[in-house]
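Keep the structure open beside you as you read.

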Amino acid sequence: MAPLSKGSRSFPIGQKFYQPKEEMLEVERRRKQLAIGIPREDGKGENRICLTPQSVEVLVSNGHDVMIERGAGLASNYTDKEYSENGAQIVSSKNEIYQCDVVIQVSPFSNAEIDMLRGNQILFSALQIKSQCGENIRKLMQKKVTAIAMELVKDENNFFPVVRSMSEIAGISAVMIAGEYLSKAHGGKGVMLGGITGITPTEVIVLGAGTAAEYATRAAMGLGAMVKVFDDSIYRLRRLEDHLAHRVFTSIFHPHVLEKALASADVVIGALRYEKNVSGFIVTEDMVSKMKPGSIIIDLSIDQGGCFETSMMTTHKDPVFKKFGVLHYCVPNVPSHVARTASLALSNICSPLLLQIGNNGGVHQFIKHDVGLRHGTYIYRGILTNRRLGDSFGILAKDIDLLLAAM
């Protein structure tokens, strides 16, 4: 064996060289305890909550503090007692919730809620760009917060988990809602949304071929309905059939083909997602006027302008109206119709994300290493990082990757 040289950092043994062990060790990131606040969603038509009692238990057992406003989970049928027994602190003061290091809610932060924030906090909520106003964005920037839009966060597969999960729920819910309003109990024609031996099945038209459309199609087919799917992309129609592993009637938006299908339809579900400003409607008022009396329109795209010229936004308390004898269900946020299921889905996404943030030393450390979380960040330490918001309200938006590189 060759002699060891004095002061040598490598030790030759045969043909191999071994580094000292201490040079191979990685310094573990310091864990950060999070103080998480969850307010009650007041007067917004929102029934979901971001964390279930079971997720609170996991967070508390990992050393985090969770503070929940009294009654925050009641709309999802979770009681204060359930949260308290799983380690949450129940408080009556909304202002106290908005002093926490991390504030997480479903609805976008309102003007009054922003005023209650102490500043320099981490905010999680939906962004809903089309419902935002410049004043709220500027006030959030003044508070020096880091604001993260749940629907814009990506996972390790480059998907939007919140959007996908809520779209799945919305698609299935649309078919369930249609079944309710076809029944005599809700003033419908008294028909089943399904196939019975010897009886012509109901006809369901789905506009769109994305996630919500796919799950609406699955649910309707599972009940035995005859389903027709329309979209403006052959690729998306082919992908939908591949996911279903079943041939269905598909067509691009030929006006005459669509009009003929609408005339015999029992249910029409609008599940188009508009990425850009689109002028006009897929289904015109004239087309709706030629539909069968007692048929049902469910517009899942109402929060983006709607698929139907006759659509008008409704609420969960007053969800339907009739026009030309056709029942219209145009409630935004359809997943709130099944709030407990939707809350479980949100909690399955938010809870692991909060654990990762804590285990990686806080959001400012974790955001440097997680591309998906960076994608959802629209304000970073008081600096706007979402170009679309900046263009909408005349605010300079900076690239978050460049900001992080400079800090």
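Leaving out neighbours within four places in sequence, Gly208 is in contact (heavy atoms within 4.5 Å) with Ala213, Val229, Phe230, Asp231, Phe253, Ala271 and Leu272. Gly208 has a relative accessible area of 1%, so it counts as buried; the word stands for under 20% relative accessible area, with exposed over 50% and partly exposed in between (1.4 Å probe, protein chains only). You will find Gly208 in the loop between strand 9 and helix 7. Its C-alpha atom is separated by 5.8 Å from that of Phe230, 22 residues apart along the chain.

A word on what you are looking at: this is a predicted model, in which local features need pLDDT of at least 70 and side-chain atom pairs count only at pLDDT 80 or more, while totals for chains, interfaces and linings use all residues. Residues are numbered from 1 along each chain as its sequence is written, and side-chain values use heavy atoms, with hydrogens and water left out.

Stepping back, the protein has 15 helices and 17 strands; these are DSSP runs numbered from the N terminus, helices being H or I with at least four residues and strands E with at least two. Of its 407 residues, 49% count as buried. The C-alpha atoms fill a box of roughly 95 × 60 × 45 Å along the principal axes.

| Strands | Sense | Bridges |
|---|---|---|
| Strand 9 and strand 12 | parallel | 4 bridges |
| Strand 13 and strand 15 | parallel | 3 bridges |
| Strand 14 and strand 15 | antiparallel | 4 bridges |

Val206 stands opposite Ile269 in strand 12, Ile298 has Tyr329 in strand 15 as its bridge partner, and Lys322 has Leu327 in strand 15. Strand 14 and strand 15 form a hairpin with 2 residues between them, and Phe324 in the turn has a positive phi of about 60 degrees.

Which way do the residues of strand 15 point? Val326 and His328 point one way, Leu327 and Tyr329 the other way, and all are buried. In a regular strand, side chains alternate between the two faces of the sheet.

Axes here are lines fitted to C-alpha atoms, for helices over the stretch in contact, and angles run from 0 to 180 degrees between N-to-C directions.

How do the two helices meet each other? The axes of helix 6 and helix 7 come within 7 Å and cross at roughly 35 degrees. Residues at their contact include Gly171 and Val175 in helix 6 and Tyr215 and Ala219 in helix 7.

Finally, look at helix 1 (residues 53-61), where Pro53, Ser55, Val56 and Leu59 are buried. Down the axis of helix 1, the buried residues fall within an arc of 155 degrees (taken from the directions from the axis to the C-beta atoms), so they line one face of the helix. They pack against strand 3 (35-38), strand 4 (65-69), helix 2 (80-85) and helix 11 (339-359).

Methods
Two strands pair if DSSP finds at least two bridges between them.
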